Amino acid sequence: MSASRTSRRIFATVLAAGTLIGAAALPAAADGHHRHAPRSTVVIGEVQYNSPGRDDHSNRSLNGEWVEVMNTGRHAVNLRGFTLTASDGARYRFRAMRLEGHSTVKVHSGIGRDSSHDVYQDRHSYVWDNHRDTATLRNDNGRILDTAMWGRAHQGGHRHH
């Protein structure tokens with residue numbers, strides 16, 4: 001067999017293998033599930049789950065616990081319908097709020113007047129467990145954007161994007 005003919009056979013074999021691999025990958029791409037989905041620019045920042053001082057259930061103490069929601073992108077995002085949820089199901093749903101690019105808003109547990117940097121859940125009890133909890137941020141379609149975990153089972157806290 002000539003070198004030219006051998007090269008053509010090798011090329012044909014490689015081409016056929018590539019076609020089979022491409023065909024096998026097609027259904028996975030067509031079903032809409034992506035392995036590397038784009039990361040959201042809206043994420044959980046710092047979490048103050050243990051209110052400073054005594055937990056006396058005062059509004060000041062309740063507002064001492066908060067979760068920071070950050071927009072790490074350049075463009076503003078409307079947070080309407082986004083939710084922040086604790087492990088026990090306690091949930092805060094954002095009303096219409098424009099979060100500018102490269103800015104943050106703190107979600108406080110107690111009662112207060114909403115502003116562009118602070119919003120309030122208007123609760124009379126604590127939301128975040130001091131020993132172990134998970135904060136989950138979802139967009140208006142219910143897709144999880146970020147989670148933050150802390151406590152004994154999580155030793156130092158973990159973050160998932």
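## Around Trp 128

Leaving aside neighbours within four places in sequence, Trp 128 is in contact (heavy atoms within 4.5 Å) with Tyr 49, Glu 65, Val 67, Leu 84, Thr 85, Ala 86, Ser 109, Gln 121, Asp 133, Thr 134, Ala 135 and Trp 150. This is a predicted model, in which local features need pLDDT of at least 70 and side-chain atom pairs count only at pLDDT 80 or more, while totals for chains, interfaces and linings use all residues. Residues are numbered from 1 along each chain as its sequence is written, and side-chain values use heavy atoms, with hydrogens and water left out.

## The nonpolar core

Trp 128 also belongs to the largest nonpolar core, where it is among the residues that touch the most other members, together with Val 42, Val 69, Leu 79, Leu 84, Phe 94 and Val 105. Such a core is a set of buried Ala, Val, Leu, Ile, Met, Phe, Trp, Tyr and Cys residues joined through side-chain atoms within 4.5 Å, and buried means under 20% relative accessible area, with a 1.4 Å probe and protein chains only. The elements giving two or more residues to this core include β1 (42-48) and β10 (144-151), and β10 supplies the largest share, 3 residues.

## Strands and helices

The protein has 2 helices and 11 strands, which are DSSP runs (H or I, at least four residues, for helices; E, at least two, for strands) numbered from the N terminus.

## Confidence

The average pLDDT, the predictor's confidence in each residue from 0 to 100, is 81 for the protein. Over residues 4-37, however, pLDDT stays under 50. Where pLDDT is low, the predicted coordinates should not be read in detail.

Notes
Buried < 20%, exposed > 50% of the residue type's maximum accessible area, 1.4 Å probe, protein only.
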